[in-house]
Amino acid sequence: MLNPIKSYKNTFILLVITLILIVIINISLGSVYIPIKQIFLSFIDGQVEKESWKSIILNYRLPKAITAIIVGSGLSISGLLMQTLFRNPLAGPFVLGISSGASLGVAILILGASFLGANITVYAFTNWGHAIAAIIGAFLVLSAVMLAAIKVRNTMSILIIGLMFGSLTAAVISVLAYFSSANQLQQYLFWSFGSLGNLSWNEISALSFTFLIGISFVIFIIKPLNSLLLGENYAKSMGVNVKRTRNIILISTSLLTGAITAFSGPIAFIGLAVPHLTKLLFNTSNHKILLPAVAISGAIIMLICDSISQLPNSEYTLPINAITSLFGAPIIIWLLVRKRKVFY
Amino acid sequence: MKLSTKHIIKATNLSIGYTSKKEVKTIASNLNIDLNAGNLVCLLGKNGIGKSTLLRTLTKVQPSLEGEIFINSNNLEKLNYKGFSKMVSLVLTERLPDNSLTVFELVALGRQPYTNWIGYLTTEDLQIIDDAFEKTATKHLINSKCYELSDGQLQKVLVARALTQNTPIIVLDEPTAHLDIHHTIETFTLLKKLAKNFNKTVIVSTHEINLALQLADELWLMTPTQFVSGKTDTLISNNSVQQLFDSNLISFNKTLKQFTINNS
């Protein structure tokens with residue numbers, strides 16, 4: 001008896017090879033030119049011509065590449081979860097205001113530190129403080145959107161509610177900004193541009209740890225996610241505990257989006273655009289295939305965006321957020337203009 | 001799977017409707033159901049009389065206002081979703097959300113109550129899926145995408161999905177609403193076959209009264225005043241079917257077994 005579910009083995013092998021190539025390209029690009037051979041030498045701890053090269057690669061470029069991989073996959077998986085849960089092709093962590101919620105958490109910490117008293121100020125400038133504030137912010141906004149989604153069945157209304165929550169949090173941030181000092185404001189502004197660099201190995205472990213927790217939750221809901229493709233009533237009739245699935249999605253999306261936003265700033269469009277690109281490439285709705293595919297594609301695209309933002313061989317670096325928007329916005333427009341149906 | 005032919009569904013003094021914060025809205029009350037396995041049941045009634053509400057109550061989508069429902073001697077309220085999914089499978093009237101599942105993937109989803117945490121299909125699962133395609137004559141469609149199917153094909157595939165769930169009861173809410181006469185008859189014959197040859201209990205809400213009177217083993221009739229259930233022939237002879245449409249425009253002709261327009 002034939003099992004006609006396609007295995008997509010070759011496509012996956014191709015994707016992984018692309019990922020490895022892009023990682024190497026990404027690490028070899030930057031304001032300082034370093035020959036490829038020296039890059040490999042520094043990885044295997046061999047004799048590198050200049051000690052500074054080794055330091056640049058191991059302490060700056062490699063951490064940045066790892067951050068890009070985590071940020072890209074994490075945001076893309078969050079986007080996929082949102083699109084399946086809300087049955088809406090335009091859902092994503094940024095559109096639904098979840099990234100804004102995370103930003104609000106960080107803004108309260110940075111900008112509102114003076115209101116909140118000295119006790120919090122101590123934690124305010126550590127990245128762990130940012131992460132926890134961002135995760136709580138993301139969790140609160142996403143819970144609010146989900147509660148609204150139970151009442152409002154119309155998927156378009158849910159999208160508008162998400163956008164409204166986004167503007168609400170933006171407004172609160174503006175008010176906070178109005179009352180803060182120039183110093184705090186500058187700090188917040190730089191954070192909000194987004195940056196994949198500047199993470200110490202310690203911070204990367206913290207980010208990876210949260211990422212892995214978020215991902216491991218998702219692995220256990222692959223099966224219910226597939227039945228949710230038929231709608232909640234069918235899912236329930238097939239024995240799916242829809243409420244529990246919804247809660248797991250809530251937790252893992254908040255963890256992923258929250259931690260990523262805290263460490264790298266609010267990054268737009270990746271969560272929305274990558275799942276669509278992946279679905280175009282794989283032409284399937286099966287989450288068993290989509291989840292790993294989206295994770296790898298997200299990593300690849302984030303690395304490409306980062307390589308572009310480095311402006312190779314120049315000393316300037318563009319804000320990563322600008323690059324992802326430049327890349328993501330046209331894709332969304334193209335998706336909507338195209339005649340073919342958009343699936344989630 | 002051979003089932004005892006007794007009381008697959010039993011409900012006494014059932015009251016159905018909606019509860020909101022402000023009020024309790026009763027749609028129908030005093031419903032008594034006592035159904036044996038292996039029957040094709042057609043639920044008939046005017047638009048808005050509460051057919052869907054009754055089906056939603058019987059399938060655990062909404063709670064009953066009063067009275068208990070027993071499915072295969074299990075109290076419906078105490079059955080969890082997992083247990084329920086092995087008793088009753090559904091074909092809903094709502095449109096499927098857009099997705100790019102293949103027909104095989106859609107039908108295979110019916111095995112979810114039985115598969116492991118990742119949804120791995122064993123040889124036994126594949127055999128049951130294959131069997132469902134066989135029974136519904138949809139094997140040629142397995143590699144198509146669901147959005148490519150016609151309404152008639154989709155309906156048969158949805159029945160196949162319900163079959164893979166391997167439940168003694170299948171509930172269908174207006175399965176032929178968008179179908180032409182050819183596909184309507186095809187669907188009803190399929191359902192009749194499932195009840196007769198495979199001892200399934202099939203409950204269908206429908207407006208196809210003529211077909212229902214010819215094929216159904218039992219009828220559930222919903223009128224504004226009462227709920228009547230019984231063998232099709234009995235309900236025809238004791239004038240219960242006549243009560244379905246309280247109108248001077250049409251009346252029921254017992255010899256033709258169909259409603260005819262009154263000559264005025």
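Predicted model: local features only at pLDDT ≥ 70, side-chain atom pairs only at ≥ 80, totals over all residues.
**A helix pair in chain A**

Let's start with H15(A), which covers residues 287–309, and H16(A), which covers residues 320–337. These two helices pack with their axes 9 Å apart and at an angle of about 120 degrees. That angle makes H15(A) oblique to H16(A). For readers who like to check the class, an angle from 65 to 115 degrees would count as roughly perpendicular, and one over 145 as roughly antiparallel. The crossing of H15(A) past H16(A) is right-handed.

Which residues meet here? On the H15(A) side they are A:Cys305, A:Asp306, A:Ile308 and A:Ser309, and their partners in H16(A) are A:Ile320, A:Ile323, A:Thr324 and A:Phe327. Sorted by class, the residues of this contact comprise five nonpolar, two polar and one charged.

**Chain B as a whole**

Turning to chain B, you will find eight helices and twelve strands. Its radius of gyration is close to what the globule rule gives for its length, so chain B is as compact as a globular protein of that length. The overall values are gathered here.

| Property of chain B | Value |
|---|---|
| Radius of gyration | 19 Å |
| Box filled by C-alpha atoms, along the principal axes | roughly 60 × 40 × 40 Å |
| Buried residues | 42% of the 264 residues |

Taking the contacts in chain B between residues at least 6 apart in sequence, 65% of them join residues at least 24 apart.

**Where the chains touch**

How many residues does each chain give to the contact? Chain A gives 28 residues and chain B gives 31 residues. On the side of chain A, the elements that supply two or more residues are helix H11 (222–228) and helix H12 (232–237). By class, that side of chain A holds eleven nonpolar, twelve polar and five charged residues.

**A closer look at B:His182**

Finally, have a look at B:His182, which sits in helix H6 (residues 181–198) of chain B. Is B:His182 buried or exposed? B:His182 has 9 C-beta neighbours inside 10 Å, so it counts as exposed, the cut-off for that class being 12 or fewer.

Methods: Residues numbered from 1 in each chain as written. Chains lettered and ligands numbered in written order. Axes fitted to C-alpha atoms, helices over the stretch in contact; angles between N-to-C directions. Helix = DSSP H or I, 4+ residues; strand = E, 2+ residues; numbered from the N terminus. Parallel < 35°, antiparallel > 145°, perpendicular 65-115°, else oblique. Left-handed = near helix turned anticlockwise from the far one by under 90°. Contact = placed C-beta atoms within 7 Å. Nonpolar A, V, L, I, M, F, W, Y, C, P; charged D, E, K, R; others polar. Rg over C-alpha atoms; globule rule 2.2 N^0.38 Å. Buried ≥ 20, exposed ≤ 12 C-beta atoms within 10 Å, placed from the backbone.
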